[in-house]
Amino acid sequence: MIKVLLLSISICSFASLAKDMVLIENVTIVSSHLHTPKMQMNVLLEDGRITEITQKKITTFDLKIDGAGKFLTPGIMDSHAHVSSIPGMGFGVEPVAIKHPKLVKAYYEQQPRSFLYYGVTQILDPNPGVNFNHFTSTPNHPDYFRCEVITTKSTFPYVEKTDDLSRSMFTYLVDESASESAETSAENVVLKISKSGASCIKLYFEDGYGNASQWPILSPKTLQRIKVSAEKVNLPILAHANALDMQQLALAAGVDVIAHGMWNWGQYSREHNISKEISETLDKIIADKVGYMPTQRVIAGLGEIMLPGIVDSPEFLPITPKSLIDWYKTSQAQWFKEELRIGFDRMPDESISDVFLYGRIGKGNKVIKYLRNSKHPILLASDFPGSPSFANQPGLTTFQEMKAMATAGLSLEEVFAAATINNAKQFKIESDYGTVEVGKIANLLLLNNNPLNSIESWNSIDTVILQGNPIPREELVINK
Ligand SMILES: [Zn+2]
């Protein structure tokens, strides 16, 4: 009886292992834990993990990939991407999206593949909206992590929503005056988020866009109650904050990550330097080891939507449904552009674009450079799509965010770390992700060019490996 049982177990495990053994032969490994790339390596993947890395010949496998002349890297993690938000529409429950269910469906079907097309194999979504099933139920999708938003009825972003459906996105509403035992207390809401399986909490420090300040923010008392409760259940806090004063408040509240670049400070000129007040704030970010997400594509997306012809970008073709690209060309799809024009008192489109692409991005770049010079690790986080701008498309935005980091002055090694190990460490998943090492989940990229030679190499993907399963890049293309 025992013999039979053992036999059946070994057959079963052999069958499941055999099915999943993938060998990548003769490849160059590029990974942040290595001082220099390791050449001519054989890498074995089994049951979705890396099980062997060796220069010796491996003879047992089911599928062999010739890695000669190619570069094996960890898959990219974008730690700020909103999978429920549709470029050009806003969240799927918002009025524009509700009017176009077919476009929304086509978009949601392709979106996970578009992230993979650009090598994004892990996503952290800091605001999943009503649900994220549309993403996690697709056959191939990046590994998905999420934060849940805590807000009140009088603070951003809830306060900005004008219809019930949009407001229904916020399921974790806190009543600031509630006692600890009440269901809507900060303590119980944090507990509920922890039980939901979320990886973090997102708080908004936003009193108004740009220089406006019309909304209240959470009281220091509430912030403290959230912080204490979050520490008990080991949930890091991400802070939406992009103005100097808002980032200062976020730091005072003891948040773990600042989820935006610092774009709003003083008058900008190209020579304008970082003031003492700013450098003191940045020094606090460094001293407190607060994670930093520059999210430069938010600003770029706002600037680029004002440029004529952005919808004809050839980069959109492999990743965006044709029906959605066609819709971007209709007059209805210009609603957000029109909102920006009104916001800027009908300044010419080109001048509005300059405000973002030169002014605010320039400020963000100076902050990135300051942190970088102090060796503070930067996180790859695009905040895709960042706004209802259709200039930002899934996956592409992450790649563009990496290019923006290089433009701001990060070395290619630093961009590499930002996209891989820094995010894994920040969110305490480095035992599974972030480097090419034995034991880690086999979310990997096979590139034709070395990413330590050129930022463009990240766009030379041959194969995306997801949980040990190789997917040729061309299979991820839409509009074939
Ligand atoms: Zn965001």
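Buried area is the accessible area (1.4 Å probe) that two parts lose on being put together, summed over both. The views below come from a predicted model, in which local features need pLDDT of at least 70 and side-chain atom pairs count only at pLDDT 80 or more, while totals for chains, interfaces and linings use all residues. Residues are numbered from 1 along each chain as its sequence is written, and side-chain values use heavy atoms, with hydrogens and water left out.

**View 1. Interface between domain 1 and domain 2.** The chain is divided into domain 1 (2–75 + 435–476) and domain 2 (76–426), with bounds that come from an automatic or database domain assignment. Their C-alpha centres lie 32 Å apart. Together the two domains bury about 2,200 Å², of which 66% is on carbon and sulfur atoms. On the domain 1 side, Ile455, Trp458 and Leu476 lose the most area to domain 2, together 30% of what that side buries. Contact (heavy atoms within 4.5 Å) links 28 residues of domain 1 with 27 residues of domain 2. The count of salt bridges between the domains is 1, a salt bridge being a side-chain nitrogen of Lys or Arg within 4 Å of a carboxyl oxygen of Asp or Glu. Lys403 forms a salt bridge with Glu456, and the closest N and O atoms are 3.3 Å apart.

**View 2. The zinc site.** The protein donors of the zinc ion are His80 (NE2), His82 (NE2) and Asp383 (OD), lying 2.1 Å from the ion. Donors are N, O and S atoms within 2.8 Å of the metal (3.2 Å for Na, K and Ca); water is not among the atoms, so sites may look incomplete. The donor residues follow the spacing H-x1-H-x300-D. His80 lies in the loop between β6 (76–78) and β7 (85–86), and Asp383 in the loop between α13 (349–373) and α14 (396–408), so the pair ties together parts that are 303 residues apart in sequence. Helices (H or I, at least four residues) and strands (E, at least two) are DSSP runs, numbered from the N terminus. Both His80 and Asp383 are buried; buried means under 20% relative accessible area, exposed over 50%, and partly exposed in between (1.4 Å probe, protein chains only).

**View 3. The largest nonpolar core.** A nonpolar core is a set of buried Ala, Val, Leu, Ile, Met, Phe, Trp, Tyr and Cys residues joined through side-chain atoms within 4.5 Å. The largest has 106 residues, and those with the most contacts inside it are Met89, Ile150, Ile201, Leu203, Phe205 and Trp458. Helix α3 (residues 101–117) gives the most to this core, with 7 residues. The core draws at least three residues from each of domain 1 and domain 2. Leaving aside neighbours within four places in sequence, the contacts of Met89 include Leu103, Val104, Trp327 and Trp335.

**View 4. Helix α6 and its covering elements.** In helix α6 (residues 186–195), the buried residues are Ala186, Glu187, Val189, Val190 and Ile193. Their cover includes β10 (143–149), β11 (200–204) and α7 (220–232). After α6 comes Gly197, whose phi is positive, near 90 degrees.

View 5. Most residues other than glycine have a negative phi, and most peptide bonds are trans. The peptide bond from Phe156 to Pro157 is cis, with omega near 5 degrees. Lys289 has a positive phi, near 55 degrees, and is exposed, with a relative accessible area of 68%.
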